[in-house]
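Hello,

Here is the model I promised to send over. Please open it first, then read my notes below.

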There are 2 protein chains.
Amino acid sequence: MKLITQFTNQLFSGDIKKYFSRNTEEQIYPSDVASILNTIPLENALATFTSFSLARKARIFPFIERFNQKDFFSSLPEEQKSILLNNLVSTDRVSFLSSLKDPDFSAVARYLNEKNRREAENLLTYPKDSVLRLVNTDFITLKSNMSIEEAIRYLQENQPDNENANVVYVVDERGKLVDDMPIRKLILYPESRHLYEIMDYNCITLGLNDTTEDAAVTFKKYDRVSLPVVGPDGILMGVVTVDDVMDASEEEDTRDMQMFGGMESLEFPYVKTPLLQLVQKRAGWLVILFLSEMLTATAMGYFEAEIAKAVVLALFVPLVISSGGNSGSQAATLIIRAMAVRELTVRDWWYVMRREVQSGLLLGLTLGILGAIRISLWQYLGWYNYGEHWLLLAITILFSLVGIVLWGTFSGSMIPIILKKVKLDPATSSAPFVATLVDVTGLVIYFTIAAFILRGTLL
Amino acid sequence: MKLITQFTNQLFSGDIKKYFSRNTEEQIYPSDVASILNTIPLENALATFTSFSLARKARIFPFIERFNQKDFFSSLPEEQKSILLNNLVSTDRVSFLSSLKDPDFSAVARYLNEKNRREAENLLTYPKDSVLRLVNTDFITLKSNMSIEEAIRYLQENQPDNENANVVYVVDERGKLVDDMPIRKLILYPESRHLYEIMDYNCITLGLNDTTEDAAVTFKKYDRVSLPVVGPDGILMGVVTVDDVMDASEEEDTRDMQMFGGMESLEFPYVKTPLLQLVQKRAGWLVILFLSEMLTATAMGYFEAEIAKAVVLALFVPLVISSGGNSGSQAATLIIRAMAVRELTVRDWWYVMRREVQSGLLLGLTLGILGAIRISLWQYLGWYNYGEHWLLLAITILFSLVGIVLWGTFSGSMIPIILKKVKLDPATSSAPFVATLVDVTGLVIYFTIAAFILRGTLL
């Protein structure tokens, strides 16, 4: 840690190559070096990166921010490009390639060897959220009739010392996966035992159609550190490790939250997104919401005569409609999250609806009674004069709040389910989206109830 | 998978004990059995659980929903309670105990043996979000001068075959941690080598003051599956595995999202929370927001004379203030999430403020121009008559939107940072909270600008 502080303190003093001497180089983690390179100006970072040995470059490269990787790759001497690219762990290689668009993609892809090119082309045909985008194809398989001793000898000869070796995979003659086995078992049992004796034949697998979200759920449920992905015929296609799934699922959560906050999700982290792109990602939804919210002006236009007669009605417009928005936002949050962590599915809509209608009624009554008390109290204490029909006004507010909060809760909970049903991301039903919908309809509810109760008195 | 479907299909046909025959029992994962038991009525679940062997009960118990564990524990025959409790992995034991309040806690704690009681009492003094709540104390340590052969023999004699054996820990004579080493290294190197020869002396550790969120960040950064926790003197205190941290961090994200949705976070999953508790968790914030939003009625009360003179001003109130709320909600989302994933810290406030002020200005101008066009267009096409001063009204809307969106963006981005600064959870600055704040202040901005521009004409 002291070393890292030393570097970061001197970061902006110019050329930092000299701080990565042969001696210290190996004592700093690749991911820490990458953190530093990701922070300092690109020019200095590239100069530093260039000074490293090829082996060190290969260890650091996967930790470079995805949108900078192409610059780092370009900075390599021509003869190193192909070596580095083909020696990356397959997951890192696919992740790098998938961040590129043509012509950058073609420029990089020509350094791939035949095997890796075919593999990358195959994996990149799967959707962006497919677990196959995270699959590692550098795994070692064992046969179940091997003894532990044979298995160990085979591993010593064939398996490089990396995280893929934490779990070994036992397959039959046709490559069909029979079991996954933590490598510790080869140590904890006597050498003369055969693999089929120590296997538990309990193998949790992922399929070709699983998404990274499915993978995250499976990892959590079975407490695994890596999971095999098998094809329809049971053939082992590759291995997914928990760290890659965690990264992907953090990104997914970030996207969900940003969408729920009422904007397009960012491609890059907040601090790396250029200002204009940041504005653009926000402006889209903001304009859509603004255009929809214009309907409130239209709706209120219809009630202009009523407002002119009873200006007091206008005073409570923000209070009444925001309560609908708030309760809708609560309901949407609950349902979106419960669906994301698989507590709820679309099929539970009836259960959710009953619960939310009950909640909405209770919440609406609470706010409605508070609102009515507020008006009566202000009138009674002489803080504001709502006129001779203040009691009718209080009753209007009471019923409007019940109606609007109920409606907000109902739509906030049902919209995410409907979106999911039509295969859209439930998080699109953002808090602002629900609020806007409830604002417009809430106005209609409010003025209709007011017209009904106050006709002949205020109106 | 077929077995699971078979069970779940027959779940509600009554007694399901018979489906867990000796034969099938071992073929279903403990976590799958627990999923079933978590789904069916508690009475049936307990009857089924009781029919299992003690060993099987112990494997299933950790996967039972936390708030049901105490009922499952009570259902055990008296002589099994102590055995089950003391043989749980320490993390699972502490997690169970920490979910209990007195008198339940005391009732369970008396079955603990001396060692586990002292350990639990110690770990439970740490805060709820401390990484020590997830620490596993059943780890095996090796000495660096052991040969691989000696290490393997030692492990075979002392280490049970469970996930704690995936990584071994090398300590010096005083128990100070020297290195963590994936157990694969003992297999991949020749038996005659010594541990000090194959260690990389690169050991990432967690400290006693780290939170589960810190742990999640470290796991992601260094791609580990388990991390040692050391005391101030470097003594190894325990081990945290990635699956426990993933669970904790999912729960943390759920809490964040619920708070951001404008409610108190739930203690239990949505589907397990009783209706009244669900309403209660939502009512608190909803009432606070409602009471604050009452200020809008007060604010508008001050401008009642203006509204009476120019009812047309009231028509645009929802449109104008909701735009402030929406832009504030966007900004708050971005900043809260960026702080949660450690892209931003409190110290970056000045950077954030500059960016958000620029974004706010651009977004406000966009909406303002749209709003002014809307009024002019409706007037021109004869869809609505805003009177002879429609152009001044359009200009009022333009400037109000610039002001309010700028203000919404500014407060939405700064409030989370201020909350973090005063050690509160930034997610408390929920979308509804920011919207409410901006509603009240937005009204003042709107009517003040209107008074300034329209004085002498409409007003």
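Start with one helical turn. Glu114(A) and Arg118(A) sit 4 residues apart in helix α10 (residues 114-123) of chain A, which means about one helical turn separates them. Helices here are DSSP runs of H or I with at least four residues, strands are E runs of at least two, and both are numbered from the N terminus. The two side chains meet in a salt bridge, 3.4 Å from N to O. A salt bridge here is a side-chain nitrogen of Lys or Arg within 4 Å of a carboxyl oxygen of Asp or Glu. Glu114(A) is partly exposed, at 44% relative accessibility. On that scale, buried is under 20% relative accessible area, exposed is over 50%, and partly exposed is in between (1.4 Å probe, protein chains only).

Some ground rules. This is a predicted model, where local features need pLDDT of at least 70 and side-chain atom pairs count only at pLDDT 80 or more, while totals for chains, interfaces and linings use all residues. Residues are numbered from 1 along each chain as its sequence is written, chains are lettered from A and ligands numbered from 1 in the order written, and side-chain values use heavy atoms, without hydrogens or water.

Salt bridges

Over all chains, the structure holds 38 salt bridges. Another one joins Lys81(B) and Glu78(B), at 3.5 Å from N to O. These two are 3 residues apart in helix α7 (residues 78-87) of chain B, so about one helical turn lies between them. Lys81(B) is buried at 10% relative accessible area, whereas Glu78(B) is partly exposed at 46%. In chain A, salt bridges that share partners join Glu114(A), Arg117(A), Arg118(A) and Glu121(A) into one network.

Which residue of chain B forms a salt bridge with Glu356(A)? It is Arg282(B), with the closest N and O atoms 2.7 Å apart. This pair crosses between chains, from helix α20 of chain A to helix α16 (residues 275-302) of chain B. Both Glu356(A) and Arg282(B) are buried.

The two chains

A rotation of 180° with 0.0 Å of shift along its axis superposes chain A on chain B, with an RMSD of 0.0 Å. That is the relation of a two-fold axis.

Annotated regions

An unreviewed UniProt entry annotates residues 283-303, 315-340, 361-381, 393-419 and 431-454 of chain A as "transmembrane region". UniProt positions follow the numbering used here, feature names are shortened, and annotations may be inferred rather than shown by experiment. Residues 361-381 of chain A are 100% helix and 0% strand, with end C-alpha atoms 30 Å apart. Residues 393-419 of chain A are also 100% helix and 0% strand, and their end C-alpha atoms are 38 Å apart. The unreviewed entry also gives "domain: CBS" for residues 199-257 of chain A. That span is 46% helix and 22% strand.

Loop residue

Asn68(A) lies in the loop between α5 (54-60) and α6 (69-74) of chain A. Asn68(A) is buried, at 14% relative accessible area. Its C-alpha atom is 19 Å from that of Arg110(A), 42 residues apart along the chain.

Best wishes

Conventions:
Copies are superposed by least squares on the C-alpha atoms of residues with pLDDT of at least 70 in both.
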